[in-house]
Amino acid sequence: MAAIFASTVKELKILSRDRGTLIRLFLLPVMFITVMSLALGRMYRRPGESMLKLPVTVEDVSAPAEELVLALRAVQGLEIETVARAEALARVKDGKRVAALLVPAGFGQALAQNTPVTVTLYLDPGQTLATSALTGAVRGALARTQGEAMRQRGVDGLLYPVEQA
């Protein structure tokens with residue numbers, strides 16, 4: 001028993017001198033577990049479970065605003081919760097959600113007139129991996145909604161700003 005203890009102490013002393021090996025010894029398994037959990041996580045979830053929940057506040061009553069929410073609902077692994085602005089911000093502030101989306105009043109009208117509109121995504125800065133995934137999903141849904149609005153305006157709607165210049 002004393003020989004095993006002495007051998008263990010010797011190996012730990014050698015290991016403690018090489019910080020790179022010590023870091024890799026603990027960091028690589030953590031990285032492997034994280035990557036595999038993200039890659040295979042969907043296999044072990046029940047059908048009703050979603051990976052991320054996004055509270056959405058829609059202050060606009062228009063078809064493009066509804067299309068945006070529908071595009072977000074179509075994203076796999078994302079569950080949309082339609083709530084009031086104060087509730088959405090409180091959920092992010094309390095750490096219950098990683099982000100909240102605010103679609104302002106006049107969103108549909110701005111898309112129809114091809115004018116800028118600010119859609120705000122409030123993020124929890126402590127959860128960068130989840131917020132980057134949500135940011136990508138929101139950008140994709142916004143691009144689809146904007147593309148649909150451009151399609152409805154037609155070519156004349158696209159060329160009108162050029163004719164004015």
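Some ground rules come first. The model is predicted, so local features need pLDDT of at least 70 and side-chain atom pairs count only at pLDDT 80 or more, while totals for chains, interfaces and linings use all residues. Residues are numbered from 1 along each chain as its sequence is written, and side-chain values use heavy atoms, with hydrogens and water left out.

Start with the fold. The protein has six helices and four strands. Helices (H or I, at least four residues) and strands (E, at least two) are DSSP runs, numbered from the N terminus. Along the sequence, the order is α-α-β-α-β-α-β-α-β-α. Contact means heavy atoms within 4.5 Å. Among the contacts with a separation of 6 or more, 68% are between residues 24 or more positions apart.

Next, exposure. Buried means under 20% relative accessible area, exposed means over 50%, and partly exposed lies in between (1.4 Å probe, protein chains only). Of the 165 residues, 27% count as buried. The accessible surface comes to about 11400 Å². Carbon and sulfur atoms account for 62% of that surface. These areas come from the Shrake-Rupley method with a 1.4 Å probe; for residues, only the protein chains shown count as cover.

Now look inside. A nonpolar core is a set of buried Ala, Val, Leu, Ile, Met, Phe, Trp, Tyr and Cys residues joined through side-chain atoms within 4.5 Å. The largest such core has 23 residues. Leu 54, Leu 72, Leu 78 and Leu 101 have the most contacts inside it. Six elements each supply at least two residues of this core: β1, α3, β2, β3, α5 (107-113) and α6 (128-164). Helix α6 gives the most, with six residues. Take Leu 72 as a way in. Leaving aside residues up to four places away in sequence, Leu 72 touches Leu 54, Val 56, Leu 78, Ile 80, Leu 101, Ala 137, Val 138 and Ala 141.

Turn to the charges. Side chains of opposite charge can pair when their charged atoms come close. Here a salt bridge is a side-chain nitrogen of Lys or Arg within 4 Å of a carboxyl oxygen of Asp or Glu. The structure holds five salt bridges.

At 13% relative accessibility, Glu 81 counts as buried. What does Glu 81 touch, not counting residues up to four places away in sequence? The list is Lys 53, Leu 54, Pro 55, Val 56, Arg 91 and Arg 97.

Two of these neighbours pair with Glu 81 by charge. The side chains of Arg 91 and Glu 81 form a salt bridge at 2.8 Å, N to O. Arg 91 lies in helix α4 and Glu 81 in strand β2 (residues 78-82), so this pair ties together parts that are 10 residues apart in sequence. Both partners are buried. The two side chains also make a polar contact at 2.8 Å. That term means a pair of N or O atoms within 3.5 Å; within protein, one must be able to donate a hydrogen and the other to accept it, and residues adjacent in sequence count only if both atoms are side-chain atoms.

Glu 81 also forms a salt bridge with Arg 97, the closest N and O atoms being 2.8 Å apart. Arg 97 sits in the loop between α4 and β3 (99-103), so this pair ties together parts that are 16 residues apart in sequence. At 17% relative accessibility, Arg 97 counts as buried. Glu 81, Glu 87, Arg 91 and Arg 97 are linked in a network of salt bridges.

Another salt bridge joins Glu 59 and Arg 85, at 3.1 Å, N to O. This pair links distant parts of the chain, 26 residues apart. Glu 59 is in the loop between β1 (52-58) and α3 (63-73), and Arg 85 is in helix α4 (residues 85-93). Are these residues buried or partly exposed? Glu 59 is partly exposed, with a relative accessible area of 35%. Arg 85 is partly exposed as well, at 36%.

Finish on two further features. Asn 114 has a positive phi of about 60°, although it is not a glycine. Asn 114 is found in the loop between α5 and β4 (120-123) and is partly exposed at 39% relative accessibility.

The other feature is a nonpolar surface patch of about 470 Å². Phe 32, Ile 33, Val 35, Met 36 and Leu 40 make this patch. Patches are made of residues with over 30% relative accessible area and no salt bridge: like charges are joined within 9 Å, nonpolar side chains (Val, Leu, Ile, Met, Phe, Trp, Tyr) within 5 Å. Phe 32 lies in helix α2 (residues 19-40). Phe 32 is exposed, with a relative accessible area of 54%.
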